[in-house]
Each structure stands twice: as C-alpha cells, then as structure tokens.
Amino acid sequence: MSGVTSIKKKKKTASNEIAVNIKGLDKWFGEFQALRKIDLTVHKGETVVICGPSGSGKSTLIRCINRLEVLDKGRITVGGIQLTNDIKAIEKIRTNVGMVFQQFNLFPHLTVLSNLTLGPVWVKKTPKAKAEEEALKNLRRVHIEEQAYKYPSQLSGGQQQRVAIARSLTMNPDLLLFDEPTSALDPEMIKEVLEVMMDLSRDGITMIVVTHEMNFANMVADRVIFMDDGEIVEENNPKDFFNNPQHERTKLFLSQIL
C-alpha cells in the first residue's frame, strides 16, 4: 500500500443520519448489466471507499448517485430526496453533491479563481465578492491559495486536482463523490491529493471514494466495499476487510493489488 503516510489522525464521528440510501439498483448498458441489485446505505460523516477490478461497476455506481447515469431499476435517495425523473429533484441533488473525476475538467481559459466562482455565481446566484472570498478559503483548505490567479495549464496535475476538489467545496456540498481521483496523476503527485482528501474526511465531510489506493482506504475509510461483476461482494471496516477478507474474490483481489 502506498501514497500516504501511515499516521492516523482523529476524525469526526459519523452520525446516524442517512446521506445516501440505495435499494435494489440495477443498471444496464444494452445487453450488459453493469450493476446488480445494489443495496447501500451511507451515513452523514462517513467515508466509504469502493474498490474492485476494472469494469466491476464502481464508477457507474457513484455516477448513478448524482444522475450522470440513469438507473434502470431500484431506488436512490440522497439527503432525503428520492432521485426520480423530476428535473427539480435532480438539480437539487446535484447542487448538494460534489463530484471529483479522474480528469480535472477545469476550464482552461479561466483562472483558478474564476473556475471556482463560476458555479456559486451562476447556479446559486452568490454575489461575486462573496463567491471569491469562499473560493480563496477553499483554496487555502487544499493548500494552493497562491495559485488563485494562475491558469490550469500553469499548474501540475496534483495542483489541478486539488483545484477540482476546491471547486466542489465552493458549492458547500453535503456529499463528495470521488471517481479514481489519483489515477491520472504521476506517483509523486498522488500523495498531495490524498492528504487533502484525508483532511476532508477528518473534517467530517461525507465521502464516497472509488480508488485503488489501499493505504488511503485502510487509514481513512469507515467502511471498505469490494465490487466485482456489478455486485457488492464484501463490505467491512478496514481492519477486518484487509486482515480477514471473507470472500475468495476479495482475497484474490487483495493478493494482486497489495
């Protein structure tokens, strides 16, 4: 396991309040079934790490949570709002759910600060001065306030990904989704991004993280979920997940990745 230090720091305790509830989720792409009868509950303040081989349905699952993919069967409730075809419900959920992708998806013609203020100003109608104040606060939070007036092309990959995280934070989300946030980074840049994510977890932000960074999962997650062939095969606390996996597919995966 690599990427972050082995020092655990105390984090805020998850609450009993449900942030995400998924029941009986199926997802098809033509003849291919990507998700099979997914049941998952995530509580406010939890950090849940989802791992598994490529093509196991991990990214599809979290993309269903903010309706980037349409579920074919089942029910998803986010922050007490059921995800349906109702546009207003979808917009409300997306406003309260931040997502950080593999690629940074920053606007290259805008400065870092402008990338961060775009959402609050246009979506939440936040006054520009207040949006900039919040943006700078979030850049401090991810340790790159000094890059505020640069353009994305002037930053390293790790810095760009931290900008992407700060951009999600500017919307004050109740939930952050991470889809392999370090997979496009050079090895030396992975650590700086994971340490920012560790800080967010310790602050009690609800996070669902798709990643192969098993040291991060071991140190930070409240629960680790292993998926294969569109199913949740196993889930447990990190200690038992890594030291005493129950399913043969989990054991094989861990033997290959650790």
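**Salt bridges and pockets**

Asp-229 counts as partly exposed, at 39% relative accessibility. Here buried means under 20% relative accessible area, exposed over 50%, and partly exposed in between (1.4 Å probe, protein chains only). The model is predicted: local features need pLDDT of at least 70, side-chain atom pairs count only at pLDDT 80 or more, and totals for chains, interfaces and linings use all residues. Residues are numbered from 1 along each chain as its sequence is written, and side-chain values use heavy atoms, with hydrogens and water left out.

Asp-229 forms a salt bridge with Arg-36, the closest N and O atoms being 3.9 Å apart. Arg-36 lies in strand 2 (residues 32-43) and Asp-229 in the loop between strand 9 (223-228) and strand 10 (231-236), so the pair ties together parts that are 193 residues apart in sequence. Arg-36 is partly exposed, at 28%. A salt bridge is a side-chain nitrogen of Lys or Arg within 4 Å of a carboxyl oxygen of Asp or Glu. Helices (H or I, at least four residues) and strands (E, at least two) are DSSP runs, numbered from the N terminus.

The structure holds twelve salt bridges. One of them joins Arg-162 to Glu-192, with N and O 3.1 Å apart at the closest. Arg-162 belongs to helix 5 and Glu-192 to helix 6 (residues 187-202), so this pair links parts 30 residues apart in sequence. Arg-162 is buried, at 9%. Glu-192 is partly exposed, at 24%. Glu-46, Arg-223 and Glu-235 are linked in a network of salt bridges.

Now the pockets. A pocket is an open set of points on a 1 Å grid over the protein atoms alone, where a 1.4 Å probe fits, with protein on both sides within 12 Å along at least five of seven lines; lining residues have an atom within 4 Å of a point. Of its 21 lining residues, Arg-94, Val-97, Met-99, Arg-167 and Met-171 are closest to the centre. Helix 2 (87-96), strand 6 (97-100), helix 3 (112-122) and helix 5 (157-169) each give two or more residues to the lining. Helix 3 gives the largest share, five residues.

The second largest pocket holds about 230 Å³. It is lined by 14 residues, with Ile-18, Ala-19, Val-78, Gly-79 and Asp-174 nearest its centre. Strand 1 (18-29) and helix 2 give two or more residues each. Helix 2 has the largest share, three residues.

Methods: Points joined across faces, edges and corners; volume = space filled by probe spheres on them.
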